[in-house]
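Please keep the sequence and the structure in view while reading.

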Amino acid sequence: MESGLYVVATPIGNLGDISQRALAVLAAADLVAAEDTRHSARLLQHFSIDVTLQAYHDHSDARAHSRIMACLAAGGVVVLVSDAGTPLISDPGYRLVREAQEFGYRVIPVPGACAAIAALSASGLPTDRFLFEGFLPAKAGARAARLQALAAETATLVFYEAPHRVAETLEAMVAAFGAEREALLARELTKTFETLRRAPLAELAAFVAADSNQQRGEIVLAVSGQRGRDQELTPDIARLLLRLAEELPAKRASAVVADLTGLRKKVLYDYLLEQKG
């Protein structure tokens with residue numbers, strides 16, 4: 001196998017999601033740089049792969065870094081893995097990849113599972129544009145400020161969140177984005193107790209607050225971008241809505257236009273009520 005740094009995605013839960021290419025690269029590795037060697041050792045053992053492991057994370061010392069670079073310099077195959085999913089997506093590795101490139105070593109991605117992409121694919125939210133925010137600040141004030149800064153963003157927003165903070169984060173999202181903003185809770189993706197629930201933020205916050213099981217495991221939150229009426233309800237759509245409302249009940253007219261345009265039924269229905277008022 002060609003020498004270089006291979007950035008290899010590993011399963012986020014279901015071990016069946018690992019690719020044949022990933023297994024081949026891991027088996028051929030001279031050195032596997034792992035976020036947590038104990039975690040990666042279990043994965044390698046499951047697939048009967050016996051290779052040398054080296055701990056590598058944002059706080060690794062110079063010796064670990066030097067060992068990796070020396071292996072590359074000797075023409076070896078180095079594999080970078082995180083605890084789960086695609087390395088560097090809210091995981092360590094950026095500095096290593098950058099330095100390998102600067103020294104002229106090949107960096108080869110081996111794609112596979114990614115919790116953010118898996119959540120988006122099953123979210124039912126718009127995915128033509130999305131913004132990955134990773135983890136929000138742990139402190140309430142900084143978290144609220146960051147969410148407020150994102151309130152007008154029109155792309156779908158994707159966050160990772162720690163289980164012990166998910167309930168308060170959802171409440172902070174309600175405060176910043178509004179109770180009706182649509183969102184998805186994706187928890188323990190590909191695992192036995194997987195949860196995928198899409199609902200308005202206030203409903204989702206209540207669901208998580210009422211069920212402690214939803215405050216465990218790996219969590220992705222996806223939130224619809226800002227879709228205010230001023231942005232979406234163009235004069236042409238408004239005229240269509242009003243014309244349909246002459247022939248149909250307001251709720252039915254709103255549903256038809258929502259299906260045709262992708263706008264939220266509540267926005268359309270509220271507009272009709274305002275016009276009648």
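Leaving aside neighbours within four places in sequence, Arg-187 is in contact with Phe-193, Glu-194, Thr-195, Asn-213, Gln-214, Arg-216, Glu-218 and Ile-219. The model is a predicted one. Arg-187 lies in strand E8, which covers residues 182-187. Is Arg-187 buried or exposed? Arg-187 is buried, yet it has no salt bridge. A salt bridge requires a side-chain nitrogen of Lys or Arg within 4 Å of a carboxyl oxygen of Asp or Glu, and the nearest side chain of opposite charge, that of Glu-188, is 5.1 Å away from Arg-187. The side chain of Arg-187 does reach the backbone oxygen of Asn-213, at 3.1 Å.

Next comes the sheet. Five strands form an open sheet in the order E3-E2-E4-E1-E5, with parallel pairing. Strands E3 (53-55) and E5 stand at the edges with a single partner strand each, so one side of each has no neighbour in the sheet. From one strand to the next, the twist averages 25°.

Strand E1 (residues 4-8) pairs with E5 in the parallel sense over four bridges. Tyr-6 has Ile-108 in E5 as its bridge partner, and Val-8 stands opposite Val-110 in E5. Helix H1 (residues 20-28) packs on the sheet, where it touches E1, E2 (31-34), E4 (77-81) and E5. The direction of H1 makes about 135° with that of E5. Helix H4 (residues 94-102) also packs on the sheet, touching E1, E4 and E5, and the direction of H4 makes about 150° with that of E1.

In a regular strand the side chains alternate between the two faces of the sheet.

How many salt bridges does the structure hold? The structure holds 15 salt bridges, among them these:

| Side chains | N to O distance |
|---|---|
| Arg-129 and Glu-153 | 3.3 Å |
| Glu-246 and Arg-243 | 3.1 Å |
| Lys-266 and Asp-270 | 2.9 Å |

Arg-129 and Glu-153 are 24 residues apart and link distant parts of the chain. Glu-246 and Arg-243 are three residues apart in helix H10 (residues 235-247), so about one helical turn separates them. Lys-266 and Asp-270 are four residues apart in helix H12 (residues 265-276), again separated by about one helical turn. Salt bridges with shared partners join Arg-243, Glu-246 and Glu-247 into one network.

Notes: Residues numbered from 1 in each chain as written. Predicted model: local features only at pLDDT ≥ 70, side-chain atom pairs only at ≥ 80, totals over all residues. Heavy atoms only, no water. Helix = DSSP H or I, 4+ residues; strand = E, 2+ residues; numbered from the N terminus. Buried < 20%, exposed > 50% of the residue type's maximum accessible area, 1.4 Å probe, protein only. Lys, Arg positive; Asp, Glu negative; His and termini not counted. Polar contact = N/O pair within 3.5 Å; in protein donor to acceptor, adjacent residues only side chain to side chain. Contact = heavy atoms within 4.5 Å. Pairing = 2+ DSSP bridges. Axes fitted to C-alpha atoms, helices over the stretch in contact; angles between N-to-C directions.
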